[in-house]
Amino acid sequence: MMAARQGDAESQARLGQYFEEGLGVAQDYTQALRWTQEAAKRGVPEALARLGNFYDQGVGVGRDYKRAAESFLKAAEQGIPEAQERIAQYFERGLGVAQDHDEARKWFNRAAESGHPGAQFTLADAGMMAILDRIREADWEGELITGRRPRVQAYWQALKARPSYAATQPKFD
């Protein structure tokens, strides 16, 4: 705690995490936010990502998607896979930023390349969507998806309902 009070950014980030998770101290979101903000001001990537979560969830502060997006983007640019996936979701849905499927795809790719399993799953879904969409375009949907294969049909309907579905569709101008 002494190093954090003396301005050591890494110590501030750790102390924020300790207060957030109740590790060795009583859980205290006010203190967690305070120390996380201090570390984020000094550019600690993990603190920036956690600060984004505070704003996203409204923990200790009012929910603020714009501030969350700003924090996630700064952390994502510094290579934090969780922040890369979160900013991708924000671009996909237009939370705190203008909706931009190209930016969403870029950040999902970066997160997946960094080994983030959620982003890898999203990209796998996107690949499957393209395959299933080609089946639909070839007018084989009735033969290969609906009717005899209710599980495939349920999966196809769930994929089409996801915001990432629009991001994978070809753009015709």
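Okay, helix α6 first: at 1.5 Å a residue, its 13 residues should span 18 Å, and the end C-alpha atoms sit 19 Å apart, which agrees. The expected span here is 1.5 Å times one less than the number of residues in the helix. Helices, by the way, are DSSP runs of H or I with at least four residues, strands are E runs of at least two, and both are numbered from the N terminus.

Quick caveats before I go on. This is a predicted model, so local features need pLDDT of at least 70 and side-chain atom pairs count only at pLDDT 80 or more, while totals for chains, interfaces and linings use all residues. Residues are numbered from 1 along each chain as its sequence is written, and side-chain values use heavy atoms, with hydrogens and water left out.

Back to α6. Eleven of its 13 residues are buried, so the helix is largely enclosed by the rest of the structure. Buried means under 20% relative accessible area, exposed means over 50%, and partly exposed is in between, with a 1.4 Å probe and protein chains only. Just after α6, Gly94 takes a positive phi of about 75°.

Now, the core. The largest nonpolar core has 31 residues, and Ala83 and Ile87 have the most contacts inside it. Each of α2 (9–21), α3 (29–41), α4, α5, α6 and α7 (101–113) supplies at least two residues, and α4 gives the most, with six. For the record, such a core is a set of buried Ala, Val, Leu, Ile, Met, Phe, Trp, Tyr and Cys residues joined through side-chain atoms within 4.5 Å. And what does Ile87 touch, leaving out residues up to four places away in sequence? Ala69, Phe72, Leu73, Ala76 and Trp107, where contact means heavy atoms within 4.5 Å.

On to the rings. You describe a pair of aromatic rings by the distance of the centres and the angle of the planes. The rule takes Phe, Tyr and the six-membered ring of Trp, with centres within 6.5 Å; planes under 30 degrees apart are stacked, over 60 edge-to-face, and the rest tilted. That gives two aromatic pairs. Tyr65 and Tyr90 have ring centres 6.0 Å apart and planes at 75°, so they're edge-to-face. Tyr65 is in α5 (residues 65–77) and Tyr90 in α6 (residues 81–93), so this pair ties together parts 25 residues apart in sequence. Buried or exposed? Tyr90 is buried at 1% relative accessible area, whereas Tyr65, at 30%, counts as partly exposed.

The other pair is Phe72 with Tyr90: centres 5.5 Å apart, planes at 80°, so edge-to-face. Phe72 lies in α5 and Tyr90 in α6, so here the linked parts are 18 residues apart in sequence. Phe72 and Tyr90 are both buried, and Tyr65, Phe72 and Tyr90 form one aromatic cluster.

One more ring: Arg110 lies over the face of Trp107, 4.6 Å from the ring centre. The criterion is NZ of Lys or CZ of Arg within 6 Å of the centre and within 35 degrees of the ring normal.

Zooming out, we've got eleven helices and zero strands. Of the 173 residues, 39% count as buried. That's it from me.
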